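User: I would like to learn how to read the features of a protein model one at a time. Could you give the general idea for each and then the case at hand?

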Amino acid sequence: MYIKRHTKSHTLCRRCGNRAFHRQHKTCASCGYPSAKIRSYEWGLKAKRRKTTGTGRMRYLKEVSRRFKNGFRENTAAKKRSKPTAEA
């Protein structure tokens, strides 16, 4: 005979959005919230691949490579580039 359960042990996590936050344990089974570090293990390579940098929007990080190329300059105007004169 099977026991019928009408309660949910996991609810939505406010950090990762998955339905993995355990209500009684008060920890997320997916990201480890409220721990400061994101939950990841060496034995879960596929899981790391799914959650790693580059799988999301990268709102800040995608601009860093362009700024690095220009030496992280700030508060300066670009030098005017004059067209080469046609002398030939």
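User: Let me begin with a detail of strand pairing: which residue in β3 is the bridge partner of Phe-21?

Analyst: Strands of a sheet pair through backbone hydrogen bonds, and they can do so in a parallel or an antiparallel way. In this model, which is predicted, Phe-21 has Cys-28 as its bridge partner in β3. Strand β2, residues 21-22, is joined to β3 by two bridges, and the two strands run antiparallel.

User: How many strands does the open sheet have, and in which order do they stand?

Analyst: The open sheet has three strands in the order β1-β2-β3, and the pairing is antiparallel. The edges are taken by β1 (10-11) and β3 (27-28), each of which has a single partner strand, so one side of each has no neighbour in the sheet.

User: What percentage of the residues counts as buried, and what share of the contacts comes from residues 24 or more positions apart?

Analyst: Taking under 20% relative accessible area as the cut-off for buried, 11% of the 88 residues of the chain fall in that class. Among contacts in the chain with a separation of 6 or more, residues 24 or more positions apart account for 0%. The accessible surface comes to about 9,200 Å², and 52% of this area belongs to carbon and sulfur atoms.

User: How far apart are the mean positions of the positive and negative charges?

Analyst: The chain has 26 positive and 4 negative charges, and their mean positions lie 20 Å apart.

User: Turning to the backbone, which peptide bond is cis, with omega near 15 degrees?

Analyst: The cis peptide bond is the one from Tyr-33 to Pro-34, where omega is near 15 degrees. Pro-34 belongs to the loop between β3 and α1, the latter covering residues 45-51.

User: Where is Met-58 found, and what is its phi?

Analyst: Met-58 is found in the loop between α1 and α2, with α2 covering residues 61-69. Its phi is near 55 degrees, a positive value in a residue other than glycine. Met-58 is partly exposed, having a relative accessible area of 32%.

User: Which residues is Thr-53 in contact with, leaving aside its neighbours within four places in sequence?

Analyst: With those neighbours left aside, Thr-53 is in contact with Met-58 and Leu-61. Thr-53 lies in the loop between α1 and α2, and at 59% relative accessibility it counts as exposed.

User: In the segment after α2, is Asn-75 buried or exposed?

Analyst: Asn-75, which lies in the segment after α2, counts as exposed at 81% relative accessibility. Asn-75 also has a positive phi of about 55 degrees, although it is not a glycine.

How values were computed:
Residues numbered from 1 in each chain as written. Predicted model: local features only at pLDDT ≥ 70, side-chain atom pairs only at ≥ 80, totals over all residues. Heavy atoms only, no water. Buried < 20%, exposed > 50% of the residue type's maximum accessible area, 1.4 Å probe, protein only. Contact = heavy atoms within 4.5 Å. Areas by Shrake-Rupley, 256 points an atom, 1.4 Å probe, with all protein chains shown as cover. Lys, Arg positive; Asp, Glu negative; His and termini not counted. Charge placed at Lys NZ, Arg CZ, Asp CG, Glu CD. Pairing = 2+ DSSP bridges. Helix = DSSP H or I, 4+ residues; strand = E, 2+ residues; numbered from the N terminus.
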